[in-house]
Amino acid sequence: MGTEGARALVERAAALTLQTGNLLNWGCLRKKCPATPAEEVRDCIQKTLTEWSSKIGPDLNQEILEVLECTVAQAIEKINPEERDELKVSAKLFVIGSNSSSIRDAVDLACHALGVAQLDSVIIAPPPVEDGTSLSVEYLQPYWQELENLVQNKKIVAIGTSDLDKTLLEQLYLWAQVKPSSNQVNLASCCVMPPDLTAFAKEFDIQLLTHNDPKELLCEASFQEVLQESIQNTKAHEWIPLWLLRYSVIVKSRGIIKSKGYIMQAKRNAS
C-alpha cells in the first residue's frame, strides 16, 4: 500500500531530497560492514527510500510536492547546542551533475539537518569532467568560489580538496582567496604519498589526509537502479542525482564518531 502512495508522489515531484539521518542509530546497518563506500551509499539510499515509502498512505489525491523529502524520522538526530563546541562537524561533497550552485544547497541542507549554523570543514571531491578531458584548475574555480563564499558567509570554517596532484593543488592554492586547508589522497592510487605533494603541503600548511572513495561514489545508473528496486514502476530512468554529501560528527576530545550520515538531492528530467 505504501509503495503506491510513494510512487504517485515520486511521479509528480520535480526534485527529491534524501536524508539517512544518523546511521549509528540504524541497528540493521550497525551489524553490517559494507565492503566499499559505494556499497554503503547504495545500501543507505535503498533502506531510506524503502522505509520512507512504507510510511506513505495510499491516498493518491495527496498534495503534489515540488520537492519530496525522503527521510527516516527516527534516525534524524540534531546536535544539542550545548554540546556544539565539543564536536567537529565535517563533510565531503560529491557533485554528480556539473553545477557549482549545488554546493550552497548541500551545505544549507546539512546545516539544517544537523541543527547547526556552520560546518567545521567541507572537502569537495573533483566534479566529473567530460570523457577525454582532464581536470584543470579553471574547471575547479567556480566550485571553489562557491565554497569561498560560504566561508565568507560563515557557513563553513575550513575547505579542502580531494585527489589533486602537486601541480593542481599548487595552482589552486596560488589562485584561491581562501586557501585549501587539506587535500585527500586516495590510497588505492598510491601506497606512499608523492614526495613533491608532501613537500608542498608541508611548506604551505596543508593537511594531507587519506581516503578510499571511488572516483564515482554514486553514478546516475546506480541511483536509478536503487530507486527502481525501492519504489517499483516509478520511471526511475527520469531521475538524475545532483549531489551527495557525507557528514560525520566527531567528539573532539575523544576522537570518536557520534553521528554519520548521507544527504543527497536528485531531480526529475521528465521528457
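**A helix and a strand**

In helix α7 (residues 195–203), the residues L197, F200 and A201 are buried, where buried means under 20% relative accessible area, exposed over 50% and partly exposed in between, with a 1.4 Å probe and protein chains only. These residues lie on the same side of α7, because they cover an arc of only 100 degrees around the axis, the arc being that of the directions from the helix axis to the C-beta atoms. Helices (H or I, at least four residues) and strands (E, at least two) are DSSP runs numbered from the N terminus. This is a predicted model, in which local features need pLDDT of at least 70 and side-chain atom pairs count only at pLDDT 80 or more, while totals for chains, interfaces and linings use all residues. Residues are numbered from 1 along each chain as its sequence is written, and side-chain values use heavy atoms, with hydrogens and water left out.

The buried residues of α7 pack against α6 (166–175), β6 (182–186) and β7 (207–211), contact meaning heavy atoms within 4.5 Å, whereas the face turned away from that buried side carries the exposed residues P195, K202 and E203. After α7 comes D205, whose phi is positive, near 60 degrees.

Strand β3 (residues 87–95) has eight of its nine residues buried, so it is largely enclosed by the rest of the structure. Nine bridges join β3 to the antiparallel strand β8 (residues 239–251), strands being paired if DSSP finds at least two bridges between them, and L245 in β8 is the bridge partner of L93. Four bridges join β3 to the parallel strand β4 (residues 119–124), where the bridge partner of L93 is I124.
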